[in-house]
Amino acid sequence: MADLIQLLTNGLALGSVYALAAIGFVIVYSATGVVNFAAGQFVMVGTFAGVAMLLNAELPMPVGYTAALVVMALFGALFYLVVYLPLRRSPIVTVIIGTVAIGITLQNTALLTFGSWPFRLPSPFEGMMVEVAGAVISVHALAVVAATAVMILLLWLLLHRTAVGIAMRAVAQDVKAARLMGLRVQWLLAFSWILGAVLAGVAGLMLGPMWFADVNMGDPIALKAFAATVIGGFGSLPGAIAGGFFVGLAEVLGASYISSAYKDLIAFGVMILFLLVRPQGIFGEPIQDRG
Amino acid sequence: MALRALALAAFLAIGFALSLSVSEYSLRLLNLAAISATAVIGLNFAFGYAGLISLGHSAFMGLGAYILAILTTQAGWSPWLAALPAILGTGLAAILIGVPLLRLKGHYLALATLGLNVSFGIVAANWIEVTGGTNGISKIPGVSVLGHSLEGERPFLWLALVVIAVLAVAASLIQRSRYGRAMMAVRDDETAAAMTGINVTATKVAAFALSAVYAAVAGCLFAAHVHFISPDDFNFAHSITFLSMLIVGGEGTIAGAIIGAVLLTFLPEWLRVLGESYLAFFGLMMLAILIFMPTGIVGLLSRLRRPARSEAPAALVAPGEGARP
């Protein structure tokens, strides 16, 4: 029982990271129709923004976290200008390859800047543990789950209770109609990229203390975020959350109860099964055949 | 017809001249490019003709390579004999996978094939009794013809040139047959294709299986040339590279597949003069090529060759590009 509680907490914490990465991916996809294959590199950039601010610049934690997220917002805006705008009318395959190409650049730039040696990103709850029903649980894992819940709540309020958020949802539903209604579509699309990058940054800052900060961490995260997105439902935010938690739990529970070697096969097997049997995922894609 | 025969002769002549004149290191790269070209000519069936976005191409290459490696090292078969079950088995696997999977379109198909490639890697790395796990399979025998060993970079390149020539001619004949035209019709408009009596599912599965067969040939060449295979040789990044080669060269054309494979094999090497940052530049150059040469190198060349037609916008668009979802 104690083991199970520990595994569930770790699974939920890892799932939170995947969920945030998947949400960032979905926000960009539903607004712009771009299948961003650099989504995992966004998380990697977030982790290393944390490394730069907390370890290299030695900023105090609240300042360092804020600075890292500001860097991510700028990064999202840059990505919008350099990658999205030039490729926005290209066929889907060209966009996929283009985001992969820029992912290679991001990964190698990080390698040149930070080296191949992994970093240990500190947590505000470094070394703190609590005991719940005999299970020893790291406070960081609990904080990750709690922070993710807060992020999801804030995101919901943004999308449903603010003018910007409602305009973003309008753009996601129908770009032409949104433009005819006088919305400044290009600004809203840029804001989607910024929001997606900031969410990936939060995921990266949370993941840093759980894994080592390694320049090669992007691809595994991207693959898990894709699996989460497909399982939950392409383009659906509740789907990205449910899918993220499913993939995180499957990875942690599968590793200890089924086979550590084949733990990743569960997520991808379930993903392929969903594509075959229910391609719209648990929650379904709200908009058909866009992009 | 004459033009295609000329192109084939030119390809063989250039390849043969290069095999005699360049350094051992460049020969090694040319062989890798030739193996990639074999795979990319195959991918052209699935993506170029039938419009199926496959990010699992390198898994089929791996399947072919593993079947050949297991039969030669554990059962003692000759590579020529082992290539048959490797190629046919991979084609059969593609049919079995394709029937359920090819109902998916666009990015759904891309992610499903990507998941398939990742799953292949996980199984290859962990089914240790059969695949040797992450240690891979070593001591795969090389090939020989009539008692002459094709070891070494130069003789192997001759073999690869002949294989590519045969496969390119076959691909060209298929492209111009009713089956090739059916694939392109399905790519451009599924409903219209079905209206004219084309069996859409069978056409897609056939294109997918043909592409897997070519990938398996590439896998056999790879295994026999390098003598060692491991799961990393066939991970999903290679599938993305194959697709990049096809798009950079010019999708839907055999020449584009070959040009793209050669260019993207050599481009990182040429960029090595930039020092440690060469891969970062490689990514940026790829992005620039995609932005400024959307129809690939072959598309650019044909635009230069026919400037008079540039007034008609339709002539600028690669076949089927506008209709792809």
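# Two chains, questioned

Modeller: In chain B, residues 31–52 are 86% helix and 0% strand, with 27 Å between the end C-alpha atoms. The model is a predicted one, in which local features need pLDDT of at least 70, side-chain atom pairs count only at pLDDT 80 or more, and totals for chains, interfaces and linings use all residues. Residues are numbered from 1 along each chain as its sequence is written, while chains are lettered from A and ligands numbered from 1 in the order in which they are written.

Colleague: What makes a run of residues a helix or a strand here?

Modeller: Both are DSSP runs numbered from the N terminus: a helix is H or I over at least four residues, and a strand is E over at least two. By that count, chain A has eleven helices and two strands. Their order from the N terminus is α-α-α-α-β-β-α-α-α-α-α-α-α.

Colleague: What makes chain A as compact as a globular protein of its length?

Modeller: The globule rule is 2.2 Å times the number of residues to the power 0.38, and the radius of gyration set against it is taken over C-alpha atoms. For 291 residues the rule gives 19 Å, and the radius of gyration of chain A is 19 Å, so chain A is as compact as a globular protein of that length. Along the principal axes, the C-alpha atoms of chain A fill a box of roughly 60 × 50 × 35 Å.

Colleague: Why is α8(A) called largely enclosed by the rest of the structure?

Modeller: A residue is buried if 20 or more other C-beta atoms, placed from the backbone, lie within 10 Å of its own; it is exposed if 12 or fewer do, and partly exposed in between. Of the 23 residues of α8(A), 20 are buried, so the helix is largely enclosed. Over chain A, 52% of the 291 residues count as buried.

Colleague: Why does A:F268 count as buried?

Modeller: A:F268 has 26 C-beta neighbours inside 10 Å, so it counts as buried. A:F268 sits in helix α11 of chain A, residues 263–277. Leaving out residues up to four places away in sequence, A:F268 touches A:A227, B:G115, B:V118 and B:S119.

Colleague: What makes two residues count as being in contact?

Modeller: Their C-beta atoms, placed from the backbone, must lie within 7 Å. On that basis, 33 residues of chain B are in contact with 35 residues of chain A. On the chain B side, α5 (106–126), α11 (236–249) and α13 (278–292) each give two or more residues. The largest share, twelve residues, comes from α5(B).

Colleague: What is the phi of B:K139, and what is the phi of B:H227?

Modeller: Phi of B:K139 is near 60 degrees, a positive value in a residue other than glycine. Phi of B:H227, also a residue other than glycine, is positive too, near 65 degrees. Most residues other than glycine have a negative phi.

Colleague: How do you know where the predictor's confidence is under 50 in chain B?

Modeller: That confidence is pLDDT, given for each residue from 0 to 100. Over residues 308–325 of chain B, pLDDT stays under 50. Chain B averages 88, and 94% of its residues score at least 70. The model scores ipTM 0.86 and pTM 0.88.
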